[in-house]
Amino acid sequence: MSGFDVVRKDVEAISVVYLKGYLDAHTASDFENALQQLVDEERIQIVVNLSELDYISSAGLGVFMGFIEDIRVKGGDIKLAELSDKVFRVFDLLGFPVLYEIFLNEEEAIQKYQ
Amino acid sequence: MTKKTLEYSVKLPSHTDNLELIRTFVAGVAKKVGFQSEDINKIELAVDEACTNVVEHAYKEKENENIDVAIQIDYQKFTVVVTDKGKRFSPADIDIPDMDQYLAELRVGGLGIYLMKTLMDEVQYHTGPDGKNRVKMVKHFLKR
């Protein structure tokens, strides 16, 4: 089974990454590869849209943690948008809202870069 | 709920590909016995974390091993026991992170145990004389 999908959309200098389905230890590498691709292309103004993400475990959270320092050192950021209550609760449990800017909708997150 | 104990169990190959199946099983049983969605989400995440640790650490990605996930339900609690025959795990070997410190240091990994202990009412590790490792996680029905 692989109920996970990553889709990317570039909006000028900003890249929006859409996560869909289940982000767990099985699928985390797909998300990791997508972020690595963006870093390799030096596209480090990133918005991750989580509106269609149904589930996240610590393996998925670890991907966010694994990239944030490198991306911020280079002057970029990962901003989060459109989290469901279920996914937000997991982020919140671990205190992630202190570390990541979270927006109710994608447009707000994009505008924060502009 | 009567005082009778109900038991449900599955045995699956140790592979992350099966995590989705394990979550579906555990969430299905939790729903069946009346947990609300917020508690169902907590139970499925805690069990996912326990099984992920088995796949990645106890068996070190060896795919020809099995994970047992057994659920026992009595009138007061929902107990999940995850059993493996891999490398022994000692919770004392793992630092439970102070989350403020953890985030300040931008550390990676080690969140699974913290989540399990936060999501469930009880988490116990035990390695028996049979060499099997068991992680027992309990959620009480008190808030139903």
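**Loops and backbone angles**

Author: A:Glu82 is found in the loop between β4 (77-81) and α3 (85-93) of chain A. Helices here are DSSP runs of H or I with at least four residues, strands are runs of E with at least two, and both are numbered from the N terminus. This is a predicted model, in which local features need pLDDT of at least 70, side-chain atom pairs count only at pLDDT 80 or more, and totals for chains, interfaces and linings use all residues. Residues are numbered from 1 along each chain as its sequence is written, chains are lettered from A and ligands numbered from 1 in the order in which they are written, and side-chain values use heavy atoms, with hydrogens and water left out.

Reader: What is the phi of A:Glu82?

Author: Near 60°, a positive value in a residue other than glycine.

Reader: How exposed is A:Glu82?

Author: Start with the cut-offs. Buried means under 20% relative accessible area, exposed means over 50%, and partly exposed lies in between, using a 1.4 Å probe and protein chains only. A:Glu82 counts as partly exposed because its relative accessibility is 25%.

Reader: Now A:Glu42. Where does it lie?

Author: In the loop between α1 (28-40) and β3 (45-56) of chain A. A:Glu42 has 68% relative accessibility, so it counts as exposed.

**Chain A as a whole**

Reader: How many helices and strands does chain A have?

Author: Five helices and five strands. Their order from the N terminus is β-β-α-β-α-β-α-α-β-α. The radius of gyration is 13 Å, close to the 13 Å that the globule rule gives for 114 residues, so chain A is as compact as a globular protein of that length. That radius is taken over C-alpha atoms, and the rule is 2.2 Å times the number of residues to the power 0.38. For the outline, the C-alpha atoms fill a box of roughly 35 × 25 × 20 Å along the principal axes.

Reader: What share of chain A is buried?

Author: Of its 114 residues, 50% count as buried. The accessible surface comes to about 5,100 Å², and 46% of that belongs to carbon and sulfur atoms. Such areas come from the Shrake-Rupley method with a 1.4 Å probe; for residues, only the protein chains shown count as cover.

Reader: What do contacts say about chain A?

Author: A contact means heavy atoms within 4.5 Å. Take the contacts with a separation of 6 or more: residues 24 or more positions apart account for 71% of them in chain A.

**A buried aspartate**

Reader: Where is A:Asp24, and is it buried or exposed?

Author: A:Asp24 is found in the loop between β2 (14-23) and α1 of chain A. At 3% relative accessibility it counts as buried.

Reader: What does the side chain of A:Asp24 reach?

Author: The backbone nitrogen of A:His26, at 2.9 Å. Polar contacts are pairs of N or O atoms within 3.5 Å; within protein, one must be able to donate a hydrogen and the other to accept it, and residues adjacent in sequence count only if both atoms are side-chain atoms. Leaving out residues up to four places away in sequence, A:Asp24 touches A:Tyr55, A:Ser57, A:Ala59, B:Leu19, B:Glu20, B:Arg23 and B:Asp48.

**Chain B**

Reader: What pattern does chain B follow?

Author: Along the sequence, β-α-α-β-β-α-α-β-β. That comes to four helices and five strands. Buried residues make up 46% of its 144 residues. Chain B exposes about 7,600 Å², with 47% supplied by carbon and sulfur atoms.

Reader: Where does B:Asn18 lie?

Author: In the loop between β1 (6-13) and α1 of chain B. A polar atom of the B:Asn18 side chain lies 2.9 Å from the backbone oxygen of B:Pro13.

Reader: Which helix holds B:Val55?

Author: Helix α2 (residues 37-58) of chain B. B:Val55 counts as buried, at 2% relative accessibility. Sequence and space can be read together here. B:Val55 and B:Leu19 are 36 residues apart along the chain, and their C-alpha atoms are separated by 9.7 Å. Not counting residues up to four places away in sequence, B:Val55 touches several others, including B:Ser14, B:His15 and B:Ile67.
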